[in-house]
Amino acid sequence: MVVKGLKKKTAVKGKKSLLKFTVDCQQPADDNIIETKDFEKFLLARIKVEGKTGNLGDKVTVSREKSKIHVSAEAPFSKRYLKYLGKKYLKSQQLRDFLRIVAPSKTSYELRYFNINEDKDEEE
């Protein structure tokens, strides 16, 4: 028996949320240690969409503005994945011992040098 007035629940399909992240390469780019265009190429080649590399399509866009790289993607994309790829790039360039990736805000990462001077002060 069907009760009058009850409707089946249907999922409301809305607009996919667009996530925007930035990677700031200011310090190493100023010292000519890192090329932002190479990092951008690396991200374009390595970002996986639905388990496949080179499958960006309209879901992920990577753009460069001077020494900042902007990545905008549709919902299932994590900021942590950008950090992972950034570490992978630094390792391939043999810069992992000198640079690190730090998150100054909720939607951005920054490449910074390790603070070696602080360690020397503590030893004395």
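Begin with the largest nonpolar core of this predicted model, which has 26 residues. Select Leu43, Ile47, Val60, Val71, Phe77 and Leu82, the residues with the most contacts inside this core. In soluble globular proteins, nonpolar side chains tend to be buried together.

To see where the core residues come from, colour strand S1 (18–24), helix H2 (36–46), strand S4 (60–65), strand S5 (68–74), helix H3 (79–92), strand S6 (99–105) and strand S7 (108–113), the elements that each give two or more residues to this core. Helix H3 gives the most, with four residues.

Next, centre the view on phenylalanine 77. Once its neighbours within four places in sequence are left aside, phenylalanine 77 is in contact with Leu19, Phe21, Ile47, Val60, Val71 and Leu82.

Now select the sheet, an open one in which five strands follow the order S4-S5-S1-S7-S6 with mixed pairing. Strands S4 and S6 are its edges, and each of them pairs on one side only. As you look across the sheet, neighbouring strands are turned against each other by 20° on average, direction ignored. Within the sheet, pick out S1 and S5, which run antiparallel and are joined by seven bridges; here leucine 19 stands opposite alanine 73 in S5.

Helix H2 lies across S1, S4 and S5, and runs at about 180° to S4. Helix H3 also packs on the sheet, where it touches S1, S5, S6 and S7, and its direction makes about 160° with that of S6.

Stay with H3 and look along its length: at 1.5 Å a residue, its 14 residues should span 20 Å, and this agrees with its end C-alpha atoms, which are 20 Å apart. Then show the side chains of Lys79, Leu82, Leu85, Gly86, Tyr89 and Leu90, the buried residues of H3. Why do they lie on the same side of H3? They cover an arc of only 140° around the axis, and therefore sit on the same side of the helix. What covers these buried residues includes S1, H2, S5, S6 and S7. Turn the view to the other side of H3, where Arg80 and Lys91 are exposed.

Definitions and conventions: Residues numbered from 1 in each chain as written. Predicted model: local features only at pLDDT ≥ 70, side-chain atom pairs only at ≥ 80, totals over all residues. Heavy atoms only, no water. Core = buried A, V, L, I, M, F, W, Y, C linked by side-chain atoms within 4.5 Å. Buried < 20%, exposed > 50% of the residue type's maximum accessible area, 1.4 Å probe, protein only. Contact = heavy atoms within 4.5 Å. Expected span 1.5 Å × (residues − 1). Arc of directions from axis to C-beta. Pairing = 2+ DSSP bridges. Axes fitted to C-alpha atoms, helices over the stretch in contact; angles between N-to-C directions.
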